Amino acid sequence: LKRSAQEAEELKGMLERERRLNQEKLREMEAAAGLLRKKVEGLEGARSRLEEESRRKDKAADAAEDMRLAWDNEKRELNGRLRDAERLALALRQRVEELELTRERLEHEKEA
């Protein structure tokens, strides 16, 4: 029983360390997702400005279209990375919740 309690404490410590690591990763992913979101918004604004300028300047139309396509490609890539980061953040949130439930269960078992 003493050994089992010690193993439970060790498991609880390991779970707590993993929970903290996952929470840190989650914070990092959320920060990265926020930066990607801002960059996408900036790209959308830049594309809009480029389109307006190309309407005013016939000579710059071809160059502006090339830049717009480049912005669109980068936006698509960033949106994909944002979706990946959001999926990872969700998975990390779920793992943190699982770890919290496990910790609570272990605390209840320890008390019982």
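Biologist: Hi! Is Glu 100 buried or exposed?

Modeller: Glu 100 counts as buried, because its relative accessibility is 19%. Buried means under 20% relative accessible area, exposed means over 50%, and partly exposed is in between, using a 1.4 Å probe and protein chains only.

Biologist: Before we go on, what kind of model is this?

Modeller: This is a predicted model, where local features need pLDDT of at least 70, side-chain atom pairs count only at pLDDT 80 or more, and totals for chains, interfaces and linings use all residues. Residues are numbered from 1 along each chain as its sequence is written, and side-chain values use heavy atoms, with hydrogens and water left out.

Biologist: Good to know. Where does Glu 100 lie?

Modeller: Glu 100 is in helix α2. Helices are DSSP runs of H or I with at least four residues, strands are runs of E with at least two, and both are numbered from the N terminus.

Biologist: And which side chain does Glu 100 join in a polar contact?

Modeller: The side chain of Arg 19, with a polar contact of 3.2 Å. That term means a pair of N or O atoms within 3.5 Å; within protein, one must be able to donate a hydrogen and the other to accept it, and residues adjacent in sequence count only if both atoms are side-chain atoms.

Biologist: Let's zoom out. How many helices and strands are there?

Modeller: The protein chain has two helices and zero strands.

Biologist: What does the C-alpha trace span?

Modeller: Along its principal axes, about 85 × 15 × 15 Å. The radius of gyration of the chain is 24 Å, whereas a compact globule of 112 residues would have one near 13 Å. That radius is taken over C-alpha atoms, and the globule rule is 2.2 Å times the number of residues to the power 0.38.

Biologist: Does α1 have the length you'd expect, or what are its numbers?

Modeller: The numbers agree, because 55 residues at 1.5 Å a residue should span 81 Å, and the end C-alpha atoms of α1 are 81 Å apart. The expected span is 1.5 Å times one less than the number of residues in the helix.

Biologist: Which residues of α1 are buried?

Modeller: Among them are Leu 15, Arg 19, Asn 22, Leu 26 and Ser 54. Their cover includes α2.

Biologist: What about the largest nonpolar core, which residues are in it?

Modeller: There are seven: Ala 33, Leu 36, Val 40, Leu 43, Leu 78, Leu 82 and Ala 85. The elements giving two or more residues to this core are α1 (2-56) and α2 (61-111), and the largest share, four residues, comes from α1. A nonpolar core is a set of buried Ala, Val, Leu, Ile, Met, Phe, Trp, Tyr and Cys residues joined through side-chain atoms within 4.5 Å.

Biologist: Why would such side chains sit together?

Modeller: In soluble globular proteins, nonpolar side chains tend to be buried together.

Biologist: Pick Leu 36. What does it touch?

Modeller: Leu 36 touches Leu 78, Arg 81 and Leu 82, leaving aside residues up to four places away in sequence. Contact here means heavy atoms within 4.5 Å.

Biologist: New topic: how far apart are Glu 9 and Lys 110?

Modeller: They are 101 residues apart in sequence, and 8.7 Å apart in space from C-alpha to C-alpha. Glu 9 is in helix α1 and counts as partly exposed, because its relative accessibility is 36%.

Biologist: And what separates Glu 9 from Lys 38?

Modeller: Along the chain, 29 residues; between the C-alpha atoms, 43 Å. Lys 38 also has its place in α1, and it is exposed, with a relative accessible area of 60%.

Biologist: Last one: how much of the whole chain is buried?

Modeller: Of its 112 residues, 22% count as buried.
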